[in-house]
Amino acid sequence: MNDRVPYREAIALQPTALETCIAAVSERLKTLDVAPIQSGPVVLVGIGASLYAANVVSAQMRSQGLRAFSLPGTDLYDASIDAGSAYIAFSASGRSEEPARAMEIRPDAVTYGIAKADGTPISRVVKHMIATESGTDSGPNTTSYLGSLVAGALLADKAGTPSGADWAKLPALAATVLEATRAQADKAARMLSGKTSIDCVGAGTAYGTAGYAALLIREAARVAAQDWDTLNFLHGPMEPNDGSTGVLLFGDGREVKLAQDLAGFGIPSVLITTRADIADADNLVVIPVPDFGSQIGNAVLQALPAQLFIATLSEEAGLPVCNFRYRQTDTKRDA
């Protein structure tokens with residue numbers, strides 16, 4: 001059965017998908033042994049969008065007292081590498097070759113899998129499976145990416161110091177954000193339409209969001225894009241930027257001054273932030289989102305206007321449907 005829909009249509013499905021995911025993962029975690037994650041270190045493994053989800057979740061886990069870090073699956077192709085006491089493989093589709101192989105060559109390790117459904121190839125090479133049940137998805141990934149974030153957030157709450165977040169409120173808040181940020185996302189996309197490159201900037205969990213956004217920009221709008229840690233961006237990477245390029249920033253701290261400085265330099269910039277005291281200016285579009293009170297909750301909410309922005313950006317480029325031109329045949333396992 002075809003479970004793929006157009007990108008913009010899938011964006012609208014996410015509040016319902018989040019509700020389903022929270023229920024499914026919460027039920028699964030009732031019986032999941034998380035002791036190996038608690039003892040650590042735990043290695044979160046992914047590729048593509050799932051690597052950026054792993055980046056978000058590992059940052060969240062560290063903030064909740066867990067020893068966690070993320071790696072691309074290819075860094076673990078050498079079976080002799082003993083990087084942690086447990087491994088969590090992220091694969092939105094459940095079919096990605098690289099995290100599956102990294103788990104497969106470690107049959108004696110404690111391994112977990114996070115994917116949109118059970119019964120996928122990743123489930124056959126891990127000892128513990130967490131299915132997000134995020135349902136219908138698009139190309140590029142939407143519901144499955146947010147499902148991975150929520151699964152990681154709930155797992156971090158069970159294994160680490162509880163965040164205190166009320167996850168049941170997230171789906172309704174996501175619906176509100178989609179509606180409230182649509183106009184600003186469109187304005188931002190039209191400002192950055194036709195730019196030769198777009199840098200995506202953030203720190204902590206937002207660094208993972210920046211990576212996800214950069215990947216979507218490349219896939220959907222076919223614009224060169226790169227993710228940067230906020231402070232790293234200050235150390236030279238911003239030098240090529242000018243009025244022909246753009247910058248998309250996520251955050252409430254140094255990102256705010258950076259966005260304002262970039263705009264002052266004549267570099268079109270977009271800031272997605274929980275701060276409500278920052279206004280649009282010449283070369284600057286600000287997209288405020290609510291503060292969920294959890295870093296990973298904010299990562300979910302901040303991904304939504306980024307998706308809307310990229311949907312409009314791709315449409316402005318004459319690419320309303322995301323079809324890969326250079327799809328490779330060895331990146332996915334058969335279902």
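The following conversation sets values from the structure against the definitions of the terms.

Guide: This is a predicted model, in which local features need pLDDT of at least 70, side-chain atom pairs count only at pLDDT 80 or more, and totals for chains, interfaces and linings use all residues. Residues are numbered from 1 along each chain as its sequence is written, and side-chain values use heavy atoms, with hydrogens and water left out.

Visitor: Why is Val34 called buried?

Guide: Buried means under 20% relative accessible area, exposed means over 50%, and partly exposed is in between, with a 1.4 Å probe and protein chains only. Val34 has a relative accessible area of 7%, and therefore counts as buried. Val34 belongs to the loop between α1 (7–29) and α2 (35–39); helices (H or I, at least four residues) and strands (E, at least two) are DSSP runs, numbered from the N terminus.

Visitor: Which residues is Val34 in contact with, leaving aside its neighbours within four places in sequence?

Guide: Contact means heavy atoms within 4.5 Å. By that rule Val34 is in contact with Tyr112, Leu155, Lys158 and Ala159.

Visitor: What makes β1 largely enclosed by the rest of the structure?

Guide: Five of the five residues of β1 are buried, so the strand is largely enclosed. Val42, Leu44 and Gly46 cover one side, while Val43 and Val45 are on the other, and all are buried.

Visitor: Which strands does β1 pair with, and over how many bridges?

Guide: Two strands pair if DSSP finds at least two bridges between them. Strand β1 (residues 42–46) is joined to β3 (residues 86–90) by four bridges, in parallel, and Leu44 stands opposite Ile88 in β3. With β2, β1 pairs in the parallel sense over five bridges, and Gly46 faces Pro72 there.

Visitor: What is the order of the open sheet that holds β1?

Guide: Five strands with parallel pairing follow the order β2-β1-β3-β4-β5. The edge strands are β2 (68–72) and β5 (128–131), each pairing on one side only.

Visitor: Why are β7 and β10 said to stand at the edges?

Guide: The open sheet β7-β6-β8-β9-β10 has five strands in parallel pairing. β7 (224–229) and β10 (284–288) each have a single partner strand, so one side of each is left without a neighbour in the sheet. Within this sheet, four bridges join β8 (residues 246–250) to β9 (residues 269–273), and Leu248 stands opposite Val270 in β9.

Visitor: How do you know that the span of helix α8 agrees with expectation?

Guide: The expected span is 1.5 Å times one less than the number of residues. For the 17 residues of α8 (residues 205–221) that gives 24 Å, and the end C-alpha atoms are 24 Å apart, which agrees. In α8, 14 of its 17 residues are buried, and the helix is followed by Arg222, whose phi is positive, near 55°.

Visitor: Why are α5 and α11 called roughly antiparallel?

Guide: Axes are lines fitted to C-alpha atoms, for helices over the stretch in contact, and angles run from 0 to 180 degrees between N-to-C directions. Angles under 35 degrees count as roughly parallel, over 145 as roughly antiparallel, 65 to 115 as roughly perpendicular and the rest as oblique. The axes of α5 (residues 143–159) and α11 (residues 295–316) come within 10 Å and cross at roughly 170°; the two helices are therefore roughly antiparallel.
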